[in-house]
Amino acid sequence: MALKDFPLDECLLQGNASCPGCPATIGLRLVLKALGRKTIMVVPACCTAVIESLYPHTSFDVPVMNIAFEAAAAGASGVEAALRQQGRTDITVVAWAGDGGTYDIGIQALSGALERGTNFIYICYNNQIYSNTGIQRSGATPFAAWTTTTVGGKTEFRKEMGEIILAHHIPYAAQTCISYPEDLYCKIKKAMSIKGPKYIEILAPCPPGWRFSMDKTVEMGRMAVDTGAWSLWECENDVMTFNGKSKLILEKKVERKPVEDWIKYQGRFSHLFKPERDEKRLKAIQEHVDLLWERYRKCYVKI
Amino acid sequence: MKKYPVETSLSYPKLGAMGKTGSWRVFKPILDKKKCVKCLRCWIFCPEGSIRREKDDSVNIDYDFCKGCGVCANECNVKAIIMEREEAKKK
């Protein structure tokens, strides 16, 4: 899969309400390129509800249903049931929610839909904050990160949503990042070809939320994977595979960079470096990542 | 465009639903076509979809909607795109 093979069709129209350098629109463009026009999207309250722009206009060229914050997966289940009743199996139902609507508010509806075996794709674009309402802390916010509700830095570590999803033993679950368009595209295509509930999580580095320059969006995602703070994997019928750079890191073919390389460019971690280095918390962040990879190695490397 | 008779509020797709977002721009991307190697990285990573891909895989920038984020300039491996400050708008 090369960049030249991506379709030209744009389902997300220009002149939408996203911030400059928005990772969600990079993700949306790639996802909609993979899904094509035979798609119904269910969008709860998240940044994308804003990106759709103002009534009576929308910047989406595919049908989109807006729904309450906690109900993305439940709404998608309803849409899927209606399509099934009409005998229209050629249409993909996609729930597109942010990390707030997945990790915190929507987890009950999501878990229910996965358990019922609804034939849909749930995509979570994870920018690690409630960016739509003004950068509040979410369950995905990493340790020591500044948000408007955790002014001195968050005191808890983020939860591993991927592992919660894996516990449902669904046909397909994957984790990817907007900085790897080929990886993202192939994962969406694979999810489309599988029947049953599918879950894909996309890391979306948010310039205003993470406090970095808006031209570094893609670079920041790449750095997250290089440092091991984020990993690219897919799990098809309980067979776990790591992809791209994460595979090389897991097999120890490439050295994992220190996580400091990633966080020093983000303003939300600046209180760890100024006025003096907070060695204790920097060490805690690094140890958390080390522990995560140790767990990955223990569980998924065949000896 | 086909209109649907439904009771709920319904929005219809429109190019530039928030107007010409090019007016948000502070820095303007300038493409040097001689340096461009047609790798299409700018096209795939443009958050706005403002970089148009032509049939021969060359690219053009749509300044009506480009918000000037600079992702294209940052991702260009051959530095064919540079960011230049917009000239002050004449009143």
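**Entry 1**

The model is a predicted one, in which local features need pLDDT of at least 70 and side-chain atom pairs count only at pLDDT 80 or more, while totals for chains, interfaces and linings use all residues. Residues are numbered from 1 along each chain as its sequence is written, and chains are lettered from A and ligands numbered from 1 in the order in which they are written.

I noted the terms next. Helices (H or I, at least four residues) and strands (E, at least two) are DSSP runs, numbered from the N terminus. Two strands pair if DSSP finds at least two bridges between them.

I then followed the pairing of E7(A). E5(A) and E7(A) run parallel and are joined by six bridges. E6(A) and E7(A) are also parallel, over six bridges. Here Gln175(A) has Glu201(A) in E7(A) as its bridge partner.

Is E7(A) mostly covered or open? I found that six of its six residues are buried (20 or more other C-beta atoms lie within 10 Å of the residue's own; exposed means 12 or fewer, partly exposed is in between, and C-beta atoms are placed from the backbone). Lys198(A), Ile200(A) and Ile202(A) point one way from E7(A), and Tyr199(A), Glu201(A) and Leu203(A) point the other way. In a regular strand the side chains alternate between the two faces of the sheet.

**Entry 1: the whole sheet of chain A**

I checked strand E6 (residues 172–177) of chain A on its other pairing. Four bridges join E6 to strand E8 (residues 233–236) of chain A, and the two run antiparallel. In E8(A), Trp233(A) is the bridge partner of Gln175(A).

**Entry 2: helices of chain A**

I moved on to a pair of helices. The axes of helix H3 (residues 72–85) and helix H5 (residues 107–116) of chain A come within 7 Å and cross at roughly 35°. Residues in contact (C-beta atoms, placed from the backbone, within 7 Å) include Ala72(A) and Ser77(A) of H3(A) and Leu110(A) and Arg116(A) of H5(A). By class, the contact has seven nonpolar, two polar and one charged residues (Ala, Val, Leu, Ile, Met, Phe, Trp, Tyr, Cys and Pro count as nonpolar, Asp, Glu, Lys and Arg as charged, and the others, Gly among them, as polar).

**Entry 3: the two chains side by side**

I listed chain A with 12 helices and nine strands. Its 303 residues would give a compact globule a radius of gyration near 19 Å, and chain A has 19 Å, which agrees (the radius is taken over C-alpha atoms; the globule rule is 2.2 Å times the number of residues to the power 0.38). The C-alpha trace of chain A spans about 60 × 50 × 40 Å along its principal axes. Buried residues are 53% of chain A.

I listed chain B with two helices and five strands, in the pattern β-β-α-β-β-α-β along the sequence. A compact globule of 91 residues would have a radius of gyration near 12 Å, but chain B has 16 Å. The C-alpha trace of chain B spans about 55 × 40 × 20 Å along its principal axes. In chain B, 33% of the residues count as buried.

**Entry 4: where the chains meet**

How many residues of chain B are in contact with chain A? I found 34 residues of chain B in contact with 34 residues of chain A. H2(B) gives the most to this side of chain B, with four residues. The residues on this side divide into 15 nonpolar, 10 polar and nine charged.

I also found pairing across the chains. Strand E2 (residues 57–58) of chain A and E1(B) are parallel over two bridges, and His57(A) has Tyr12(B) as its bridge partner in E1(B).

Key
Axes are lines fitted to C-alpha atoms, for helices over the stretch in contact, and angles run from 0 to 180 degrees between N-to-C directions. Two residues are in contact if their C-beta atoms, placed from the backbone, lie within 7 Å.
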